[in-house]
Amino acid sequence: MYLLEIEKLNKYFYNGKKGQLNQILNNISFHISDGEKIGVVGESGSGKTTLAKAILNLLEKLPADSGEIRFRTKPITNLSTQKFRLLRSELQILYQDPFTSLNQKMTVKEILLEALKLRYPAEKKDVLWLKVRNLMDTYNIQVQNINKSPAKLSGGECRRVGIARVMAIEPSFLIADEPVASLDASIKDQIMQLLVKKVKTLMTISHDMRIIQKYVDKIIVLYAGVIVEIAFRCKTADSNGVAFQFYHPYSKSLIDSVEYFNSKDSHRPAVIDPYE
């Protein structure tokens, strides 16, 4: 039994200026097992974020849309907003921009407390406060930041608060949309290590093949709304340490582009690979 199944998903957007439908996702099919870490890669405009929002029922539905999404074998594609709300605690998303996704008028403490109250509505304040401290310890949020607003935190610190807020709800499945975009190389690996360690079933959306290859079990390559390749982690890496084998030219071009930019930086810090 798969945790999540997507079968022949087609998604359109209506272009009001041209009065036409534009297809964003084309016949998408794949599945995610419970406990699996997968990556979805592709350039900007390939449909990665649209796919995430379609899974989470965050898009307007058009008559031309088709296909089915199942969670724990039950269809969720056409659930009403009210019925889907019952699944929100299990299906969560970590948004790309940590600053805009966090309430700038709230402190770190208030942000985490709000999430915990949703998960534990009957708990007393002192118990919730202990859970806040545990979240901060677990996700390496500095104590001195507890009364700060997101605007006063660094990008990496905001990411940690965002992850802690999502994980306070204890979701069964998390979609991380570009979770390490615009972060330094060393911070990228710290955040990804934190996600793969703490999240049981994870779908990471990214254009960075270097990060994706290190931390997932399966990679789905999207191009113009179409899956062009699905690659699986090899049991043993080759002599160059590569654990995935790609065959499609577009997949190879994504890898080449990352290697080109990485070649300009020969002073990358050593990181711990959780798969070693």
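Let me start at one residue, serine 172, which sits in the loop connecting H6 and S7. Please keep in mind throughout that what we are looking at is a predicted model. Is serine 172 buried or exposed? Its relative accessibility is 19%, and because the cut-off for buried is under 20%, serine 172 counts as buried. Its side chain makes two polar contacts that I would like you to find on the screen: one goes to the side chain of arginine 72, at 3.0 Å, and another goes to the side chain of glutamate 90, at 2.9 Å. If we set aside the neighbours within four places in sequence, the residues in contact with serine 172 are Leu3, Phe71, Arg72, Ser89, Glu90 and Thr201.

Two of those names, Phe71 and Arg72, take us to the sheet, so let me turn to that, because strand S4 covers residues 66–71 under the strand assignment used here. Four strands make up an open sheet, ordered S2-S1-S4-S5, with antiparallel pairing. At its edges are strand S2, residues 20–32, and strand S5, residues 74–75, each of which pairs on one side only. Helix H1, residues 48–55, packs on this sheet and touches strand S1, residues 4–15, as well as S2 and S4, and the direction of H1 makes about 115° with that of S1.

Now the pairings, one after another. S1 and S2 are antiparallel partners over nine bridges, and within that pairing tyrosine 14 stands opposite leucine 21 of S2. These two strands form a hairpin with four residues between them, and glycine 19, in the turn, has a positive phi of about 65°. On the S4 side, S1 pairs with S4 over five bridges, again in the antiparallel sense, and here asparagine 10 stands opposite serine 66 of S4. S4 is in turn joined to S5 by two bridges, the strands running antiparallel: phenylalanine 71 stands opposite lysine 74 in S5, while arginine 70 has proline 75 of S5 as its bridge partner.

Coming back to H1, how many of its eight residues are buried? Six of them are, so the helix is largely enclosed by the rest of the structure; the buried ones are Lys48, Thr50, Leu51, Ala52, Ala54 and Ile55. After H1 comes asparagine 57, which has a positive phi, near 60°.

Let me move on to the nonpolar interior. In soluble globular proteins, nonpolar side chains tend to be buried together. In this model the largest nonpolar core has 39 residues, and those with the most contacts inside it are Tyr139, Ile163, Leu174 and Leu195. At least two residues of this core come from each of helix H4 (108–119), helix H5 (125–138), helix H6 (155–168), strand S7 (173–177), helix H7 (185–198) and helix H8 (209–215). The element that gives the most is H6, with seven residues. Leucine 195, not counting residues up to four places away in sequence, touches Leu94, Ile163, Leu174, Ala176, Pro179 and Leu202. Another core lies apart from this one; it has 29 residues, and Leu9, Phe30, Leu51 and Phe84 are among them.

Two polar residues in the helices deserve a look as well. Arginine 210, in helix H8, is buried, at a relative accessible area of 18%, and its side chain makes a polar contact of 3.5 Å with the side chain of aspartate 189. Lysine 198, in helix H7, is partly exposed, with a relative accessible area of 32%. Beyond its neighbours within four places in sequence, lysine 198 is in contact with Thr138, Tyr139 and Met167; the C-alpha atoms of lysine 198 and threonine 138 are separated by 9.1 Å, although the two are 60 residues apart along the chain.

Finally, a word on confidence. The protein averages a pLDDT of 87, and 91% of the residues score at least 70. Over residues 264–276, however, pLDDT stays under 50, and for that stretch the model has 18 contacts beyond four places in sequence. Where pLDDT is low, the predicted coordinates should not be read in detail.

Notes:
Residues are numbered from 1 along each chain as its sequence is written. This is a predicted model: local features need pLDDT of at least 70, side-chain atom pairs count only at pLDDT 80 or more; totals for chains, interfaces and linings use all residues. Side-chain values use heavy atoms; hydrogens and water are left out. Two strands pair if DSSP finds at least two bridges between them. Contact means heavy atoms within 4.5 Å. Axes are lines fitted to C-alpha atoms, for helices over the stretch in contact, and angles run from 0 to 180 degrees between N-to-C directions. pLDDT is the predictor's confidence in each residue, from 0 to 100. A nonpolar core is a set of buried Ala, Val, Leu, Ile, Met, Phe, Trp, Tyr and Cys residues joined through side-chain atoms within 4.5 Å. Buried means under 20% relative accessible area, exposed over 50%, partly exposed in between (1.4 Å probe, protein chains only). A polar contact is a pair of N or O atoms within 3.5 Å; within protein, one must be able to donate a hydrogen and the other to accept it, and residues adjacent in sequence count only if both atoms are side-chain atoms.
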